[in-house]
Amino acid sequence: MCGVVGLIGEDKAGEKLFPALFALQHRGQDAAGILSFDFSRGEFYLEKDLGLVSQVFPMDKLEKIKGSMALGHTRYSTIGTVDKADLQPLIVSYPNGIGMAHNGNVTNYNEIVEYVRKRRSRWTFTRNDLELLLHMMSIGVSDQLEAGKTLSAEVMAKAAQQVVEKVQGAYSVVGMMADEGMFAFNDTQGIRPLLIGRKLDQNNKYSYCFASEKQVFFALGFEYFRDLKPGEFVFVDKDQNFHSFPLSEKQARPCMFEWIYFAGAETEWHGRPVYDVRLRLGEVLANETKRKMQEQGIQIDVVAPVPDTARAAALRLAEVLKTPYREVLIKNRYVQRSFIVNEPAVRKAMVNLKLLPVESEIRGKNILLVDDSIVRGTTSARIIQLLRESGANKVYLASTCPPIRNPCFYGIDFPEGEALVAHQRSEDQVAELLGVDGLIYLPLSELKSAIGIPSMCSACLDGDYPVSVSKADFINTRSHNIGGGGKNEVNP
Ligand code: SF4
């Protein structure tokens, strides 16, 4: 999962993406990059590196990124070690010069590599899905130009049509064509988010912004315009004219995990505010908890969130149960990625520092811990142990997400089912493994009605995959391409 953003029609667009990338930092902390294009000089500027946005872009670097069109990326590695060659944005030189950044996964990776290399004689140099999307876009435009067409919004849309017909998966893409303008498209079912913002300038023209989340528009002083539709191609030309082309008629299947965990609480997607959904999840989870409390004679003294994503749900749950809400775990916001510390003892101390117990609120209490989801279960087990060591009498765990039993092949980092704590295990078995006195999961039907979108991707919960994929091929492809290892955990 990553954050993407694009901006056209603004002076110093590259510099303006700096706050935008901060607004998307939670979507990826491994690396960041900005690519810009200066129409007056006809030049691209690219800066990207490993690290947080603040580390990658000191002011002197930002000043070098010139022009009124720019796109940016925050990277979260779902695939592969963090290799500098894989960092985004990426560019190709023909036709014109195309730059792109994306969020998501290509699921027919082998097939597309084969097509690009063997049938179209273009080599690939990275292990990043984006390189395939970029080549496919370039091939699509080249085919049109070689058929005698001139570069236009229609030609770009036809090229994108070719891309979405061949490249399967879940992806949102923002790109730019040198001298021409900025484009955005997504997979035909819109599994990954991309929103459009705009701002009227003094010449009565709109500048446009594309972003994974809505708070970017607030940061840049833009208004939210609308979501990119599933299978839609949008092109904003250099004169800031907005062109839209439908590439597919398929029904939207947005990823439910955006509302559960991944998206910032301040964003909205499909008109459903994330914070409001999380409150609603807390409310229905409270009803489920009440039922279990009555059935099993459970007494709860305090409701506490696992920071930070579960806060809204825990708050609402506590209100409904009329039980005190307490913060029993404090997240140290200054501890960054702990794997960069080499000394094991220091690294362990850094991991311990990430979540610290508030013993005065824990000792002797029956605590209902609320988490957004339980993926691998390792963090949950560690937290439960921490609460017990801090003197908790009983520890119960409630999850706003139903059991995650199946892998995700669409860009959230759990492509191997066996690593999931709920994979082929009953709820009682999961509770035992985690070491809790009781476990409450939100039922899938309640989750669906709380989010309130008729058709979503919930494949990791129910196995109904919107894009078919062979798990064996997917894993083989990825391990072959990455040389093994290096995966980072999402909400482990
Ligand atoms: S499988 Fe789960 S995490 Fe992956 S896209 Fe679907 S809902 Fe989201």
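1. Domain separation. The centres of domain 1 and domain 2, taken over C-alpha atoms, are 35 Å apart. Domain 1 covers 3–253 and domain 2 covers 273–456. These bounds come from an automatic or database domain assignment. The contact draws 13 residues from domain 1 and eight residues from domain 2. Two residues are in contact if their C-beta atoms, placed from the backbone, lie within 7 Å.

2. Model and numbering. This is a predicted model: local features need pLDDT of at least 70, side-chain atom pairs count only at pLDDT 80 or more, and totals for chains, interfaces and linings use all residues. Residues are numbered from 1 along each chain as its sequence is written.

3. The domain 1 face. Back to the contact of the domains, which takes 13 residues from domain 1. On the side of domain 1 that touches domain 2, strand 6 (98–106) and strand 7 (169–177) are the elements that give two or more residues. Helices (H or I, at least four residues) and strands (E, at least two) are DSSP runs, numbered from the N terminus. Strand 6 provides the largest share of this side, three residues. The side divides into three nonpolar, eight polar and two charged residues. Here Ala, Val, Leu, Ile, Met, Phe, Trp, Tyr, Cys and Pro count as nonpolar, Asp, Glu, Lys and Arg as charged, and the others, Gly among them, as polar.

4. Ligand shell. The residues around the ligand include Cys255, Met256 and Phe257. Cys457, Ser458, Ala459 and Cys460 also belong to the shell. A residue is near a molecule or strand if its C-beta atom, placed from the backbone, lies within 6 Å of it. By class, the shell holds eleven nonpolar residues, one polar and no charged.

5. Helix 4 with helix 5. Helix 4 (residues 109–119) packs on helix 5 (residues 129–146) at an angle of about 45°, and the axes are 10 Å apart. That makes helix 4 oblique to helix 5. Axes are lines fitted to C-alpha atoms, for helices over the stretch in contact, and angles run from 0 to 180 degrees between N-to-C directions. Angles under 35 degrees count as roughly parallel, over 145 as roughly antiparallel, 65 to 115 as roughly perpendicular and the rest as oblique. The crossing of helix 4 and helix 5 is left-handed. A crossing is left-handed if the near helix is turned anticlockwise from the far one by less than a right angle, and right-handed if clockwise. Helix 4 brings Tyr109, Ile112, Val113 and Val116; helix 5 answers with Asp129, Leu132, His135 and Met136. The residues of this contact divide into six nonpolar, one polar and one charged.

6. Helix 5 with helix 6. The axes of helix 5 and helix 6 (residues 153–166) come within 8 Å and cross at roughly 130°. The two helices are therefore oblique to each other. Their crossing is right-handed. Helix 5 contributes Leu133, Met136, Met137, Gly140, Val141 and Gln144. Among the helix 6 partners are Val155, Met156, Ala159, Ala160 and Val163. By class, the contact has nine nonpolar, three polar and two charged residues.

7. Helix 9 with helix 15. Helix 9 (residues 274–296) and helix 15 (residues 444–451) pack at about 145°, with axes 9 Å apart. The crossing is right-handed. Val277, Arg280, Leu281 and Val284 of helix 9 meet Glu446, Ala450 and Ile451 of helix 15. The contact divides into five nonpolar, no polar and two charged residues.

8. Backbone points to check. Most residues other than glycine have a negative phi, and most peptide bonds are trans. The peptide bond from Gln88 to Pro89 is cis, with omega near 0°. Pro89 sits in the loop between strand 4 (69–75) and strand 5 (90–92). The bond from Tyr94 to Pro95 is also cis, with omega near -10°. Pro95 is in the loop between strand 5 and strand 6. Ser121 has a positive phi, near 50°, and lies in the loop between helix 4 and helix 5.
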